[in-house]
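Welcome! Please take a look at the sequence and the model below, and then read on for a short tour.

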Amino acid sequence: MSTYETHIWKNPQLPFIFQQMHLGVHQNFSGANWHENIELLYITSGSGTVWSDGAQIPVRANDLIALYSNCLHDISTDRDLHYYYLVVDRSFCLSNHFDTNRLLFDTVAFHDAELAALFGKLILEYQTAEDSLFRTQAIRALVLSILVRICRTHSHPPDEKEETHLLSCIKQAIGFIRSNIDTPDLS
């Protein structure tokens, strides 16, 4: 049984997933999921709710959310919601001295002009041609700058947080269903 959601990096030099998403009225992203990587959400328009380890976080335009490693999360909306999400590979974090298993982010939506500007630059850099000079280095530097800013201003030391038994059971159930989805006996 797979514990984590699987992420595939198109370019090993850019171990990130950076995509723009749109959720319509009464739509969820894809159901609750979790993974060992850090995920950052930047809401560009609309409103909705981010679910983070049981906490409900209302979000609206210009909000940022940081989801720590192994956080059970989902996003939904009653209206249109447009956002970018950035998933940063754990190995990239570790190679830059960010231990994702020891980072806890504030479970609130926050406004941060510097982070919004960095996300804006990241969006522009991803829109440049893939063969542009120093594009890869610029993207890596921007992601690193985003991580530094979030860790400095929106994280706190771990309190040796133990996963609740219920949350652990939910993750096991989701993992079992994903692993056995094609089994005819699964009901």
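## A term to start with

Two rings of Phe, Tyr or Trp, taking the six-membered ring of Trp, count as a pair if their centres lie within 6.5 Å. With that in hand, here is a group to look for: Phe18, Tyr42, Tyr84, Phe119 and Tyr126 form one aromatic cluster. Please keep in mind that this is a predicted model.

## The chain as a whole

The protein chain has four helices and nine strands. Read from the N terminus, its elements follow the order β-β-β-β-β-β-β-α-β-α-α-β-α.

Of the 187 residues in the protein chain, 40% count as buried. Among the contacts with a separation of 6 or more, 79% are between residues 24 or more positions apart.

## Two helices side by side

Helix H2 covers residues 113-127 and helix H3 covers residues 135-154; the two pack with their axes 10 Å apart, at an angle of about 160 degrees. That angle makes H2 roughly antiparallel to H3, because angles over 145 degrees count that way. The crossing of H2 past H3 is left-handed.

Which residues make the contact? On the H2 side they are Glu114, Leu115, Leu118, Phe119, Lys121, Leu122, Glu125 and Tyr126. H3 brings Arg135, Ala138, Ile139, Leu142, Val143, Ser145, Ile146, Arg149, Ile150 and His154. Sorted by class, the contact of H2 with H3 has eleven nonpolar, five charged and two polar residues.

Searching the whole structure turns up five aromatic pairs. Such a pair is described by the distance of the ring centres and the angle of the planes.

One of the pairs is Phe18 with Phe119, which is tilted, at 6.3 Å centre to centre and 35 degrees between the planes. Phe18 lies in strand E1 (residues 16-23) and Phe119 in helix H2, so this pair ties together parts that are 101 residues apart in sequence. Both Phe18 and Phe119 are buried.

Phe18 also pairs with Tyr126: their ring centres are 5.0 Å apart and their planes are at 35 degrees, so this pair is tilted. Since Phe18 lies in strand E1 and Tyr126 in helix H2, the pair ties together parts 108 residues apart in sequence.

Is Tyr126 buried or partly exposed? Its relative accessibility is 22%, so Tyr126 counts as partly exposed, because buried means under 20%. Phe18, with a relative accessible area of 13%, is buried.

Methods
Residues are numbered from 1 along each chain as its sequence is written. This is a predicted model: local features need pLDDT of at least 70, side-chain atom pairs count only at pLDDT 80 or more; totals for chains, interfaces and linings use all residues. Side-chain values use heavy atoms; hydrogens and water are left out. Axes are lines fitted to C-alpha atoms, for helices over the stretch in contact, and angles run from 0 to 180 degrees between N-to-C directions. Angles under 35 degrees count as roughly parallel, over 145 as roughly antiparallel, 65 to 115 as roughly perpendicular and the rest as oblique. A crossing is left-handed if the near helix is turned anticlockwise from the far one by less than a right angle, and right-handed if clockwise. Contact means heavy atoms within 4.5 Å. Ala, Val, Leu, Ile, Met, Phe, Trp, Tyr, Cys and Pro count as nonpolar, Asp, Glu, Lys and Arg as charged, and the others, Gly among them, as polar. Rings of Phe, Tyr and Trp (its six-membered ring) pair if their centres lie within 6.5 Å; planes under 30 degrees apart count as stacked, over 60 as edge-to-face and the rest as tilted. Buried means under 20% relative accessible area, exposed over 50%, partly exposed in between (1.4 Å probe, protein chains only).
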